[in-house]
Amino acid sequence: MNPTEAIPLLIVVLLMISIGGGDVQEMSVTFQGDNDIDSLADVHVVAGGTTTVPADATLEGDVYVIGGTAAIDGAVDGDVTLLNGNLSVNDGATVTGTLQTYSGAAVISSDASVGHVSQFEPPTPSSSPAQRIGAFLLQFLVLGAFGWWLAERHPSIIENVGAAITEHTLVSAVIGSLAATTLLVLFVYMAFTLILLPLAIVGLFAEFLIVLYGQAVFGYLIGMRLPIEADGVATLAGIAAFLLVLELLGLVPYLGGIAQLGVAVVGVGAVLNTYFGLQRFEPITIPGGT
Amino acid sequence: MGIVRNIRQRRWTTVAGYVLFVALMVAGYYYNITFVQLGLIDLGTRLVGMTETTVSMWMAALALVTLVVAVVTGVTMDRRGWSTDLRTKFRLLFGVVCVQFALTLVAPMIRTVPEFGAWIVLASIGLGVGFPVSFSLAIDLVPVPDRGYVAAAITAIAYFLANAVPLSWSIDVFSQLMVAAMAPGLLVLAVLSFVSYDRLDDLLDDLGAQHGIYGTGRFCHGASVRTRSLTFAVPVVLMFGVFFIDSLGFLRIIDTPSLLLSSWQSPELSTRLFIAVAHVVGAVMAGVIYANFSLSRIFLWTFALFALTHVMYTSDLRLAAVFPTITGNGASPLNPALYAIAVSFYTTLNFALWPDLSTPETIGTHSAIGIGVAGWLATFSSTALALYFQAVDLTLLSHLNVVQALSLLLLFGLAVGLYARRMIELARENGGARA
């Protein structure tokens with residue numbers, strides 16, 4: 001695991017340590033090779049390689065695993081958290097606190113002593129048809145309400161963004177992909193400073209809202225091509241059709257994902273190029289030529 | 001896009017102009033970024049036995065001589081009317097390629113410092129004559145609205161080839177490849193320069209007359225851009241800044257094996273291909289932005305991308321400094337990919353900008369000063385600064401930190417400058433504050 005790949009999970013670990021009252025300054029990290037650790041300042045992070053707590057060692061502190069392999073043969077007087085990678089708690093090993101697994105592979109011997117084992121179960125929206133339909137309806141309600149409001153109350157705004165999508169697709173795609181990527185990187189690095197973490201979260205949320213805005217406009221564009229007179233209703237129908245198409249695209253491996261991504265960046269670019277619909281996007285007119 | 005319309009209307013002469021310009025510029029730029037920028041280091045250090053510092057000093061000298069020769073050539077072209085004579089430009093270019101062909105052929109045989117020095121001087125003359133001449137072809141061959149896309153195509157093809165084709169950075173390999181590639185190019189240029197028969201003459205006459213339509217650049221309509229005006233000086237300064245930070249950062253990156261072997265010289269084809277594709281994506285983006293937005297927008301994006309790239313590089317290094325075990329693990333290909341996008345941005349801008357700041361009467365001078373000052377003088381200065389950093393044993397992190405600071409400063413300076421310009425415009429429009 002190199003620094004760029006480790007950064008997101010290290011941010012999570014730093015946050016967890018800060019929230020848990022731990023001392024970030026005392027944190028040690030292993031990235032590669034085989035390492036035995038028999039003492040701990042406060043927190044140890046396993047990001048790569050293999051780290052072993054020998055059978056005769058007792059660590060006083062917490063262990064986080066974000067990559068590589070951690071093998072516990074001795075005792076950990078604290079918590080062990082697995083975010084990614086492999087963790088094995090072997091025969092005779094002891095973990096006095098909580099062994100929390102979020103992701104990765106954990107093997108806990110029946111002869112090991114663990115204070116409390118907790119496994120994080122992420123919500124899986126696709127686990128049942130009812131949940132999927134529920135999520136789809138929720139997305140439709142939010143986008144539909146927003147799209148209906150825009151089409152009925154501020155038609156020129158949604159029209160401006162729509163025109164940027166249909167008339168300047170490539171320009172919207174370029175600006176959308178560039179802005180989305182650079183802002184994403186910027187927010188991740190802002191989060192890493194910890195001081196700017198709230199701003200980074202707000203920024204990421206705003207970026208997500210811009211994607212939704214773009215989706216609503218795509219729905220509006222589809223709606224305007226439907227034989228429905230009222231703009232608001234047509235937009236609602238268009239958004240339903242658009243979301244359905246997005247769902248169907250998701251079923252196509254690779255190409256479906258690329259198409260979804262393409263739609264998202266075009267939408268983001270169109271929203272940004274039109275200053276959220278406040279101004280129609282007109283490219284520069286270059287004089288000369290034929 | 002004009003080229004699509006030209007193809008639909010079967011205007012093959014104009015289409016041939018696009019193809020010719022892209023081919024010539026790709027060949028010239030590929031030669032520059034491989035043979036000149038990378039091959040010379042190998043020639044100087046491995047075959048002649050000089051230290052890397054000495055070779056860098058020679059390369060700085062090459063940059064300086066090239067600048068002087070270019071300005072003399074550019075001014076002469078405009079004064080003597082060569083800028084508007086297509087045949088003359090092809091003949092000059094043929095002469096330049098002949099010199100470069102001979103220099104490329106003999107380069108692997110050089111073993112002594114005087115030979116190396118003579119080679120540098122002759123190469124500078126070739127480059128100095130070559131780039132104002134080749135850039136001035138834009139006024140004959142490329143319609144103004146398409147210059148952004150044409151510049152993007154040149155950048156994308158040159159960088160894709162330079163990164164995707166696995167070549168060792170050695171003078172022998174570069175020399176063999178270049179000689180093989182230049183031979184047919186030389187033949188084509190000889191035909192264009194000296195052969196005369198009806199169809200070719202008609203083609204060249206048609207192309208040569210196009211500067212009447214395409215000659216006045218995008219930023220020269222309304223009022224011509226004078227060489228001693230702010231309209232010309234500001235882009236020169238900004239491009240100088242971009243070239244400078246790129247060169248200063250890249251000089252150190254290619255001197256750091258862990259960074260180099262995980263990116264541009266990676267043994268993994270997939271990594272190099274990833275960087276090559278990033279170059280293409282960056283060039284296309286820059287082309288689209290250049291053709292659809294104001295000039296300030298593309299400068300802002302370029303500086304923002306450079307700032308972000310160096311923030312990522314320095315953040316990784318800071319992280320590695322805190323956790324030293326990380327240093328042996330190599331770097332992520334994301335950083336060089338972002339770097340590649342930033343480089344493609346300004347390279348595309350560089351190909352389109354100077355012809356667009358010129359008219360047929362000023363193309364030679366403007367492209368010579370533009371590329372000479374922004375490109376070659378920046379390279380000279382950054383090399384000198386990099387050598388100083390090397391002499392004072394500046395660490396990799398400190399070196400890239402300076403580059404990061406400069407890129408952030410340029411980004412901030414440009415944003416403030418644009419804002420201030422708008423304020424001045426408003427003040428002039430309103431004659432003071434509006435109630």
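**Exercise 1. Which helices of chain B do the buried residues of helix 8 pack against?**

Solution. The buried residues of helix 8 pack against helix 2 (12-47), helix 4 (86-106) and helix 9 (198-209) of chain B. Here contact means heavy atoms within 4.5 Å, and buried means under 20% relative accessible area, with exposed over 50% and partly exposed in between (1.4 Å probe, protein chains only). Helices are DSSP runs (H or I, at least four residues), numbered from the N terminus.

Before going on, please note that this is a predicted model: local features need pLDDT of at least 70 and side-chain atom pairs count only at pLDDT 80 or more, while totals for chains, interfaces and linings use all residues. Residues are numbered from 1 along each chain as its sequence is written, chains are lettered from A and ligands numbered from 1 in the order in which they are written, and side-chain values use heavy atoms, leaving out hydrogens and water.

**Exercise 2. Find the buried residues of helix 8 of chain B, and its kink.**

Solution. Start with the buried residues of helix 8: among them are B:Ile171, B:Phe174, B:Met178, B:Met182, B:Leu186 and B:Leu189. An α-helix has 3.6 residues a turn, so residues three or four places apart point the same way. Next, look at B:Met182, where helix 8 has a kink of about 30°, shortly before the proline B:Pro184. The bend is the angle between axes fitted to the seven residues ending at a residue and the seven starting there.

**Exercise 3. Where in chain B is B:Leu357, and is B:Leu357 buried or exposed?**

Solution. Then check its accessibility: at 1%, B:Leu357 counts as buried. Finally, list its contacts, not counting residues up to four places away in sequence; they include B:Phe219, B:Thr231, B:Pro235 and B:His366. The C-alpha atoms of B:Leu357 and B:Thr231 are separated by 8.5 Å, although these residues are 126 residues apart along the chain.

**Exercise 4. Which residues does B:Thr383 touch?**

Solution. B:Thr383 is in helix 16 (residues 363-391) of chain B and is buried, at 6% relative accessibility. Leaving out residues up to four places away in sequence, B:Thr383 touches B:Ser56, B:Ala60 and B:Leu251.

How values were computed:
Helix = DSSP H or I, 4+ residues; strand = E, 2+ residues; numbered from the N terminus.
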